[in-house]
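Subject: Structure handover

Hello,

Here is the structure I said I would pass on. My notes on it follow below.

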Amino acid sequence: MVDAHIESFIWTRVLGYDLGRRHGAGLFGGCFYSQADLPRMVEAALSAVVLSVATNPFRPRSCRTANLIGNLAHLRTEVDAQGDRVALVTDRAGYDRARRAGRLACFVALQGGNALGSPDDVARLPPGLVSRVTLVHLTASPLGSPSAPSTRRGGGLTDEGRSFVGALNAGCILVDLAHISPRGFWDALEVHDRAQPAIVSHTGVRGVHDVWRNVDDDQIRAIAELGGVTGIMFHAGFLGGSFWSGRAAAIVAHIEHVIDVAGEDAVAIGSDFDGLIVPPADLRTVTELPVLVQRMLDRGFSAERVVKVLGANYLDVMSRIRPGA
């Protein structure tokens, strides 16, 4: 099982949250934070996670790259402290080695390309460590505009944003189009290397719940045509139904819609655990992931389809962009 987007590291930076200690569900019962940590990821039998390092948009641009490199070193220390239970990996071959050793494989992603001072700074990243970059996050940046309604939603990618896509392609770093404005989405694909996959790591779909954060059917198809996946997130506000007491079946409805639009190879899960989300009431933390498996089986999904959704599809993407050796 692979979760393509977990935000727990942000709480390590902000509140000193210990990723290496098993926590409870927090003050709000699994809402907003305390939904995942490395021991619970292992307990949940995840085979891999993608740990996101989010951008602070208020940090001066001149020191962002150095700060990011420091955060990546901090994350490496947190993972390495787990000893033989967890391994930091950079490609599909690294994942396979971790699994043969019985370890949880941790990929690293960057949420918000403006964490770097310029597209040229992509080359300053620790070699291979960052496997994926979400171009924009919650605020407008020199790269372009997000889908958030509080920003200039009509904006697309800037010239710098287009150059940034090229730099990621050159470094075989997966381009993630979660959070981006619709215009920016298409701008990015216009300049994207057609030989490489692109993804949307954590989103809902408008065909089930039509809100600003979700992607439409044309976007789902475009990602699938590049060999990428659309990852379904767990935030009730983007799934539809009850905000506080939604159910995991809503996640399955979004998964099923992607399958109906683009096929069962085109979908994954990207929970966004610890990203200030309110997950369904029966899936508040990472240890409740078996509930999602059961809901897919209840919906009539075959075992093969469940395996694809829960990780095989995302790993296929990594095999194409970063097979390793």
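Leaving out residues up to four places away in sequence, leucine 177 touches Leu135, Phe185, Ala188, Leu189, Ile199, Val200 and Ile223, where contact means heavy atoms within 4.5 Å.

A word on the source. This is a predicted model, in which local features need pLDDT of at least 70 and side-chain atom pairs count only at pLDDT 80 or more, while totals for chains, interfaces and linings use all residues. Residues are numbered from 1 along each chain as its sequence is written, and side-chain values use heavy atoms, with hydrogens and water left out.

Buried means under 20% relative accessible area, exposed means over 50%, and partly exposed is in between (1.4 Å probe, protein chains only). Helices (H or I, at least four residues) and strands (E, at least two) are DSSP runs, numbered from the N terminus.

Alanine 87 sits in strand S3 (residues 86–88) and is buried, at 11% relative accessibility. Apart from neighbours within four places in sequence, alanine 87 is in contact with Val79, Ala98, Arg103, Leu104, Ala105 and Cys106. Between alanine 87 and aspartate 187 there are 100 residues in sequence and 35 Å in space, C-alpha to C-alpha.

Salt bridges

How many salt bridges are there? The count is 17, with a salt bridge taken as a side-chain nitrogen of Lys or Arg within 4 Å of a carboxyl oxygen of Asp or Glu. Three of them are described here.

- Aspartate 37 pairs with arginine 40, with 2.7 Å between the closest N and O atoms; both residues are buried.
- Aspartate 121 pairs with arginine 124, with the closest N and O atoms 3.7 Å apart. Aspartate 121 is buried at 13% relative accessibility, whereas arginine 124 is partly exposed at 46%.
- Aspartate 298 pairs with arginine 295, with the closest N and O atoms 3.6 Å apart. Aspartate 298 and arginine 295 are separated by about one helical turn, because they are three residues apart in helix H10 (residues 289–298). Salt bridges that share partners join Arg247, Asp282, Arg295 and Asp298 into one network. Aspartate 298 is exposed, with a relative accessible area of 51%, and arginine 295 is partly exposed at 27%.

Cysteines

The whole structure has zero disulfides, a disulfide being a pair of cysteine sulfur atoms within 2.5 Å. Cysteine 31 is buried, with a relative accessible area of 4%, while cysteine 172 is partly exposed at 31%.

Loops

Where is histidine 179? Histidine 179 is in the loop between strand S6 (174–176) and helix H6 (182–191). The phi angle of histidine 179 is near 75°, a positive value in a residue other than glycine, and histidine 179 is buried, with a relative accessible area of 8%.

Aspartate 272 likewise has a positive phi, near 70°, in a residue other than glycine. Aspartate 272 lies in the loop between strand S9 (267–269) and H10 and is buried at 7% relative accessibility.

Asparagine 114 is in the loop between strand S4 (104–111) and strand S5 (130–134). Asparagine 114 is buried, with a relative accessible area of 8%. Setting aside neighbours within four places in sequence, the contacts of asparagine 114 are Thr55, Pro57, Arg64, Leu135, Ser141 and Leu143.

Regards
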